[in-house]
Each structure stands twice: as structure tokens, then as C-alpha cells.
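Let's take a friendly walk through this model. The tour begins at a helix and its surroundings, then turns to a hairpin and a record annotation.

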Amino acid sequence: MARPRILVVGSGFAGVECVRRLERRLSPGEADIRMVTPNAYQLYLPLLPQVASGVLTPQSIAVSLRRSSRHRTRIIPGAAIGVDTAAKVCVIRGITGEESHQAYDHLVLTPGSITRTFDVPGLTEHARGMKTLAEAAYLRDHVIAQLDLADASQDEAERASRLCFVVVGGGYAGTETAACLQRLTHHAVRRYPRLDPGRISWHLLDLAPKLMPELGDSLGRAALDILRRRGIQVSLGVSVAKAGPEEVTLTDGRVLPSRTLIWTAGVAASPLIGTMDAETERGRLVVTAQLTVPQAPGVFALGDAAAVPDLARGGNGAICPPTAQHALRQGRTLADNVIASLRGRPLRPYVHKDLGLVVDLGGTDAVSKPLGVPLRGLPAQAVARGYHWSALRTGVAKTRVMTNWLLNAVAGDDFVRMGFQSAKPPRLREFERTDAYLTPAQVREHTRALRAAG
Ligand SMILES: Cc1cc2nc3c(=O)[nH]c(=O)nc-3n(C[C@H](O)[C@H](O)[C@H](O)COP(=O)(O)OP(=O)(O)OC[C@H]3O[C@@H](n4cnc5c(N)ncnc54)[C@H](O)[C@@H]3O)c2cc1C
């Protein structure tokens, strides 16, 4: 008899944790496991700002999918661009562009999220996100290029726009990105004797009245004080009204001359969810507490792409926030539930009480709230780095990250610009490949054609 086919979409926190557990707990004869993913690594996203600032190399947070003694999952290099839950088929676009399909018995959807954008004129053309390794590497190059170009320019207006940097989004991603990149320019400018450090400005904006409200009032204020002490101009209750190639207009009427707009104002579920004709909540796929998708037999979803009921907060419509902490643990519950459904046992609900937040602002600056205990300065930094370091999946990744941290602490950074994409900067949708997806009707058409072809 053919083995049941388990197809996992995505190789992030949720997908990899699920697959590793399936590999450990199912014998090879019990199921055929496949994973569709555009990249052959799991990206450790919380350390991405440190790649942008050059503290870590890109390779150190790209954790190999194949380095595991039990690795037996077949990896399909590509992206799922549509799901037909009635036909139990997933449409795939391979990394070289050809389309194919995968039939499944159990489908695990973990395609994560993309940068959430709004209808702000010029935003999608001129803003860059902080969601992929390519974006982080590109941003680092771009920021160093602004220093190089300002240094070479005699034009005051050009210099001003190259030395002004704008980050939108006061959550942990935006705050860490602004803090880490400001440290980069602060140290790098010493190598540019003609540039006045006082002319470099960093702006962090958020529409909300507080930075990272989940930190609580006192730690949130501490984070704000650290940023302001370092010269980052934080504007709350403010966002971007219009973005252009050389200036950013704010909702309070200010016009900042700037050629760098970094957009980290939240995430939206992967567009793959929109190909399914299924119920969503704020764009995330509605699932039960057992992580199953109602009306879609054999389909499970979790992580940033799914609206998972947060039973630890009492359910009642609360859904889990899009964090690695939840995605990873949902991956474990899901593997157990897939195994339970293969073996005809009852599924268990996902319950996890939030463990808190760690925010690394670069150097010895940090604020953390592990298990509700507020920390700042070195203890917070030790907790933040210790937490991330221990969460890295392989010994090699741990060694790379630790070596990078030590090397950076001892030898600093050379601020070398690699020359990525300097002539034609890619846009958000090119970095995150958001226009690759089919409509639900196109997906159905695809499976009809498959059936007709026999
Ligand atoms: C800068 C930054 C800092 C963060 N810091 C923290 C933090 O400190 N703590 C915390 O808990 N969380 C943090 N997060 C959030 C956390 O990283 C996410 O919540 C977590 O990664 C979600 O896990 P996931 O498995 O759902 O998605 P991801 O980890 O994003 O994985 C999604 C996977 O799916 C793949 N994929 C996407 N589309 C497709 C497709 N169509 N077909 C196939 N594969 C696809 C992707 O390549 C990726 O492998 C941070 C996020 C960012 C961006």
C-alpha cells in the first residue's frame, strides 16, 4: 500500500520544527514527507537586523535544512503558488520558473508572512523591508553606499538626503533595525573624515502612541530613552503620507530629505492563503485549536500564516501573535497531531503561555522581559543573546553566530560595500515575490487541466 503523503509548505520556524519531529517520531515506512521551500535553509529571522548591521554574516543565520542525522524529507525547491483543497493538490513554481503540482494526503501550511503595506503613494516603489536575507544584505550595502556617495558629493542637498534614514514601525523588528543600523553609521562615519557625524540622522516612526507596548510602560520608556540618547529621533503617532526617491513626507506634514525608507510596519499572512477560498481572520487562515483547517480535510496551518486561537489567553477570539516563539511550538503540536491522525488517535489543542520578549539594540544596549522579569543593559543583552543562541537549531549555526559575535566585539567591522543591486534597487514585491501567486479560479483551472490530462 502507498505511504500517506505529508506535504509541508515552508521551511521557517513552524515548518522545520514540524518536519524534524515527524522524522524523529514516524518510521520511514509510515509516511512520505516532502517540503516545498524556495530556500534550502531555515532563516533565523530575529537575528536579521544583526545581518543588516554587519555583526553577523548572512550565512550564520541561514540554518541548513539537511544538517541532521535523521534528515530524510524530500525537499522540493520552489514555492507553492496555489492550493486546491477539494482536489488535494498544491501547485508549485520551481526556482527555475517551471510549474508542477504535488498531490497530498496531509498538507501542512507554514508559508509565514510578508511585509504589510498600506495604500501610501510611492511606498511599494521606494520602501525596503526587513523580512528576507536578501533584504538585510541589500540594506546594509545601501546604507554604506549612502555614506560613500555623501562623502563623494559636493552638493549639500544630495548629502543631506543621503545622510537621513527613516524606519517605520516601532515593533521589535523596526526598533532593532533602527538601533542596529544607527550603530553601523555611528561607527562607520569615523572612516569618512570629510563627513560630519552630526549631519547623520535616524528617524523611527510609529502610528501607535508607544514603542513595543508588550514591554510594558517602564521598559518601553527605557527602550525609548536608549534610542533617544543615541540620537535616534523617535516620532510616535506619526507615519508616512508619501514616499519619493529623495524625500519622505510624514503624516504630521514634515518633509524629510531621505533616500532610505525602511518599512517594518507589521506583517500580513503569505498570499498563498488567498489562493484557497477559505475563511480568514485579518488575512490569516482560520484554524481550530488543533491547527486543522475547517472544511478542508487533511489540511493544517500554523505560524504567522494562521489565526491560531490563543487558549492561554482564554480563547474568546484571542489569536496567537505572529512570533517565532509560537510558530516553533505550534510546529511541535502539529507534528503530534499529524501523527495522531495517521494513527487514528484524537488530536490535541495548542496551548502556550507567552515567555516574554527580548530586544537587542546593539552593543550593550538591550531590554528584555523573560517570564515577566524586566531587565535592561548587560543582563538584558545576555538574556537576549543567550536566548537566540540556544534557539539556533544546529551546532554549526551556534558556532558561526558565537564566532561572529566575538570577532565583531574584538575586531569591529570594515564597513565594506559589496555592490549588490546598486544600479536597479529591487522593490518589496521582488524581494518577497508577492506577485507569484494564482487566484482561486486559476488554481481550480490548473487542477481541472491536470485531471483532463489524466
Ligand atoms: C526582523 C524580525 C525580527 C523578529 N524578531 C522576533 C523575536 O525576537 N522573537 C520572536 O518570537 N519573533 C520574532 N520575529 C517574528 C518571527 O520571526 C516570525 O513570527 C516567525 O518566523 C514565524 O514563523 P513561520 O514558520 O510562521 O514563518 P517563517 O519563519 O517566516 O517561515 C516561512 C517559510 O515559508 C517559506 N515560504 C514562504 N512562502 C512560501 C511559499 N509560497 N511556498 C513555499 N514556502 C514558502 C519561507 O521561505 C520560509 O522558509 C521577528 C521577525 C522579523 C522579520
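## A helix and its cover

The buried residues of α9 are covered by elements that include β23 (356-360), β24 (366-370) and β25 (375-376). Contact here requires C-beta atoms, placed from the backbone, within 7 Å. Helices (H or I, at least four residues) and strands (E, at least two) are DSSP runs, numbered from the N terminus.

Which residues of α9 are buried? They are A380, Q381, V383 and A384. These residues cover an arc of only 165 degrees around the axis, which puts them on the same side of α9; the arc is taken from the directions from the helix axis to the C-beta atoms. Exposed L378 and S390 sit on the face turned away from that buried side. A residue is buried with 20 or more other C-beta atoms within 10 Å of its own, exposed with 12 or fewer, and partly exposed in between, with C-beta atoms placed from the backbone.

## What kind of model this is

This is a predicted model, where local features need pLDDT of at least 70, side-chain atom pairs count only at pLDDT 80 or more, and totals for chains, interfaces and linings use all residues. Numbering starts from 1 along each chain as its sequence is written.

## A hairpin

Strands β6 (residues 89-94) and β7 (residues 99-103) run antiparallel and are joined by five bridges; pairing takes at least two DSSP bridges. C90 has Q102 of β7 as its bridge partner. Four residues lie between the strands of this hairpin, where G97 takes a positive phi near 100 degrees.

Methods. Two residues are in contact if their C-beta atoms, placed from the backbone, lie within 7 Å.
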